[in-house]
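Hi everyone, thanks for having me. Please take a moment to look at the sequence and the model before I start.

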Amino acid sequence: MLQFILKSISLTSLLLATSVYGSLQIVPGATWTATNTGKHVQAHGGSITKVNGLYYLIGENKENGSAFQAVSCYSSPDLVQWTFVNNLLSVQSSGDLGPNRVLERPKVIYNSGTSQWVMWMHIDSSNYGEAKVGVATSSSICGSYSYIRSFQPLGYQSRDMGLFKDTDGTAYLLTEDRQNGLRIDKLTSNYLDVASATYNFGMSADFEAPAMVKVNGVYFMFASHLTGWDTNDNVYTTATNLAGPWASWKTFAPSGTRTYDSQTTFVLQVGNSFMYMGDRWFSSNLMRSSYIWLPLTISGTTATMNNNYVNWVIDPNSGTWGPGPSENSYEGESATLSNGAKSVSCSGCSGSKAAGYVGGSSNGIVKFGSVSSNSSVKTTIRIKHENGDTTQRYADITVNGQTQRIAFLPTTDGNTPGSSTLHVNLNSGSSNTVQIVGVSGGRVSDIDRLMVPVS
């Protein structure tokens with residue numbers, strides 16, 4: 001029986017993961033800056049596939065709102081540091097991929113018979129009146145895809161959708177049919193069309209955003225209730241045959257948490273462990289939508305997600321995971337502030353203050369000195385910040401002489417800090433320095449504090 005329970009992690013494996021991958025952290029809900037764009041990662045409603053030791057994240061670019069902009073692909077060796085690779089599909093002058101169209105929830109699987117990567121996606125008009133799937137192919141996972149066509153599978157509506165490839169190579173479309181219920185449809189052998197219906201959950205099940213994983217012969221279907229952009233308590237069901245019978249639906253996160261304010265998009269197997277991937281949508285400003293990735297425990301026919309970690313670490317090979325490291329806190333208002341940067345009030349910030357007027361016309365500078373850590377490998381610093389704009393703000397941050405650009409998503413209000421992640425090499429000891437400056441005269445978020453791993 002495949003199990004993964006935190007208490008069963010051996011100290012040896014956890015220490016090994018730490019020594020190799022440091023304390024690089026997944027920080028759910030934070031700004032994740034791509035390593036080569038200086039902007040928040042844009043791959044929503046997506047999925048992850050591992051190829052030749054690299055993880056590829058493919059999803060929707062929502063940088064400019066709800067209309068289709070691109071299907072973007074990022075790569076990472078560790079599930080933490082993401083590098084933009086390519087836009088797999090981009091806006092065309094007309095047709096399904098034209099301006100003001102809808103393309104959502106792209107999913108990609110590999111067909112070994114045709115040596116093609118096949119992408120399925122939700123295709124629609126701006127008023128969601130068409131309810132179709134689209135299909136595209138490529139010879140490489142992050143290459144340019146050739147769009148083939150859109151259609152209603154077996155003549156039924158299809159909106160939120162997912163893909164599942166079984167252990168025997170058979171692939172299935174998981175699709176939300178608003179008129180008939182959540183469906184499982186078998187694909188043709190080349191994965192380019194639907195061959196037949198496999199199961200329909202019926203109208204008694206108001207579900208969308210499906211995702212599936214198979215564990216020791218048991219199929220787990222995860223889904224969200226139909227509440228639009230608003231989050232809800234997502235649920236799952238199990239079966240030993242895709243044609244059913246399926247068990248009663250149950251929640252996997254604590255009831256009332258609304259799945260930690262997220263909606264299911266994918267479940268990723270990492271070694272012998274599983275990671276829930278969800279989106280935290282902000283419908284009024286989709287660009288600031290973030291990612292809620294958390295450890296998912298699967299045992300027998302039960303799935304649970306009881307740990308709403310602020311930050312956590314995972315070995316990208318074995319799947320060994322644990323809570324984030326102990327941290328030292330450094331207050332923004334207590335740092336060295338120069339060139340117009342100064343302490344400002346922030347009722348939700350630590351100490352009710354933050355470092356403000358950073359960047360801007362006066363090029364305000366925040367410099368943290370004597371930053372202490374026992375880490376001598378790459379690690380993650382969490383930057384607590386406040387951004388009252390509706391757009392991203394940016395900073396050039398120099399740690400021990402090495403500079404990188406970091407983005408800051410808008411935060412909830414003027415007094416509730418958000419988080420942005422900074423992945424850096426620290427020196428063991430208290431000689432580390434962190435300097436934050438603006439970019440091209442732009443204002444940086446107010447800096448509440450730095451959360452620096454002790455080790």
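Residues are numbered from 1 along each chain as its sequence is written, and side-chain values use heavy atoms, with hydrogens and water left out.

How confident is the predictor? pLDDT is its confidence in each residue, from 0 to 100. The chain has a mean pLDDT of 94, and 95% of its residues reach 70 or more. Over residues 1-20, though, the pLDDT is below 50, and in the model this stretch has 35 contacts beyond near neighbours in sequence. A contact here means heavy atoms within 4.5 Å. Where pLDDT is low, the predicted coordinates should not be read in detail.

Now to the sheet. Helices (H or I, at least four residues) and strands (E, at least two) are DSSP runs, numbered from the N terminus, and two strands pair if DSSP finds at least two bridges between them. Four strands form an open sheet in the order E13-E14-E15-E16, with antiparallel pairing. Which strands sit at the edges? They are E13 (207-215) and E16 (250-251), each pairing on one side only. Strand E14 (residues 218-225) and strand E15 (residues 235-239) run antiparallel and are joined by five bridges. Look there for Tyr 219, which stands opposite Ala 239 in E15.

Next, charges. Side chains of opposite charge can pair when their charged atoms come close. We call it a salt bridge when a side-chain nitrogen of Lys or Arg is within 4 Å of a carboxyl oxygen of Asp or Glu, and by this rule the count is 17.

Take Arg 258 and Asp 261, whose closest N and O atoms are 3.0 Å apart in a salt bridge. They are three residues apart in helix H2 (residues 258-261), so about one helical turn separates them. Asp 261 also forms a salt bridge with Arg 280, with the closest N and O atoms 3.6 Å apart. That pair links distant parts of the chain, since Asp 261 is in helix H2 and Arg 280 is in strand E18 (residues 273-280), 19 residues apart.

Are Asp 185 and Arg 183 buried or exposed? Both are buried, which means under 20% relative accessible area, while exposed is over 50% and partly exposed is in between (1.4 Å probe, protein chains only). Their side chains meet in a salt bridge too, at 3.7 Å from N to O. Elsewhere, a network of salt bridges links Asp 96, Arg 101, Glu 130 and Lys 132.

Finally, a loop. Phe 282 is found between E18 and strand E19 (290-299), and at 24% relative accessibility Phe 282 counts as partly exposed. Leaving aside residues up to four places away in sequence, Phe 282 touches Arg 288 and Ser 289. Phe 282 and Trp 229 are 53 residues apart in sequence, yet 7.5 Å apart in space, C-alpha to C-alpha. Thanks!

Methods: Predicted model: local features only at pLDDT ≥ 70, side-chain atom pairs only at ≥ 80, totals over all residues. pLDDT = per-residue confidence, 0-100.
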